[in-house]
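Me: I have a structure open and a few things to ask about it. Can we go through them one by one?

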Amino acid sequence: MKIQGRMFVWLSVFILIMAIVYGVWSKEPAGTTALFLAFGLSVMIGFYLGFTARRVDAGAQDDKEADVADDAGELGFFSPHSWQPLMLGFGGAVAFLSIAVGWWLIYFAAPFIVVGIFGWVFEYYHGENRTQ
């Protein structure tokens with residue numbers, strides 16, 4: 001994680017230089033503000049990665065002599081058969097469609113979103129997958 005933190009710090013330095021150059025050269029406030037906000041976000045991510053790297057063990061990406069296989073392993077548990085993301089995606093699509101069509105459409109999207117979130121969270125608390 002140390003290398004990722006350094007990469008984001010160097011990226012933030014580059015973005016800061018470009019924001020200053022762009023702001024002086026173009027005198028356009030919206031793009032200059034966006035670049036300064038990107039600088040701030042890059043600094044926050046770099047600080048987080050550097051701060052976290054001090055608290056965890058060094059990973060394979062921090063070792064110059066490491067192979068790709070050294071970082072292999074289990075990444076987590078991913079549900080292979082869940083229908084809840086489809087329900088949540090449909091609800092989100094209808095909710096975003098309500099911005100264009102009319103805010104009244106959000107009332108039809110809300111039940112799909114609520115059912116999708118609750119179903120996703122509690123999917124392994126009932127039924128045949130209860131023990132996983």
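This is a predicted model: local features need pLDDT of at least 70, side-chain atom pairs count only at pLDDT 80 or more; totals for chains, interfaces and linings use all residues.

Reply: Phe118 is exposed, as its relative accessible area is 51%.

Me: Where does Phe122 fall, buried, exposed or partly exposed?

Reply: Phe122 counts as partly exposed, at 41% relative accessibility.

Me: How many aromatic pairs does the structure hold?

Reply: There are four aromatic pairs. One of them joins Trp104 and Phe108 in an edge-to-face arrangement, with 6.1 Å centre to centre and 90° between the planes.

Me: And what about the rings of Phe118 and Phe122, how are they arranged?

Reply: Their planes are at 15°, so Phe118 and Phe122 are stacked, with ring centres 6.1 Å apart.

Me: Back to Phe108. Buried or exposed?

Reply: Exposed, because the relative accessible area of Phe108 is 53% and the cut-off for exposed is over 50%.

Me: Different topic. Where is Gln84?

Reply: Gln84 is in helix 3, which covers residues 84-101.

Me: Why does Gln84 count as buried?

Reply: Its relative accessibility is 19%, and buried means under 20%.

Me: What does Gln84 touch, leaving out residues up to four places away in sequence?

Reply: Gln84 touches Val115, Gly116, Gly119, Trp120 and Glu123.

Me: Which helix has Ile117?

Reply: Ile117 belongs to helix 4, residues 106-121. Ile117 is partly exposed, with 43% relative accessibility.

Me: How far is Ile117 from Met87, C-alpha to C-alpha?

Reply: The C-alpha atoms of Ile117 and Met87 are separated by 8.7 Å, and the two residues are 30 residues apart along the chain.

How values were computed: Residues are numbered from 1 along each chain as its sequence is written. Side-chain values use heavy atoms; hydrogens and water are left out. Helices (H or I, at least four residues) and strands (E, at least two) are DSSP runs, numbered from the N terminus. Buried means under 20% relative accessible area, exposed over 50%, partly exposed in between (1.4 Å probe, protein chains only). Contact means heavy atoms within 4.5 Å. Rings of Phe, Tyr and Trp (its six-membered ring) pair if their centres lie within 6.5 Å; planes under 30 degrees apart count as stacked, over 60 as edge-to-face and the rest as tilted.
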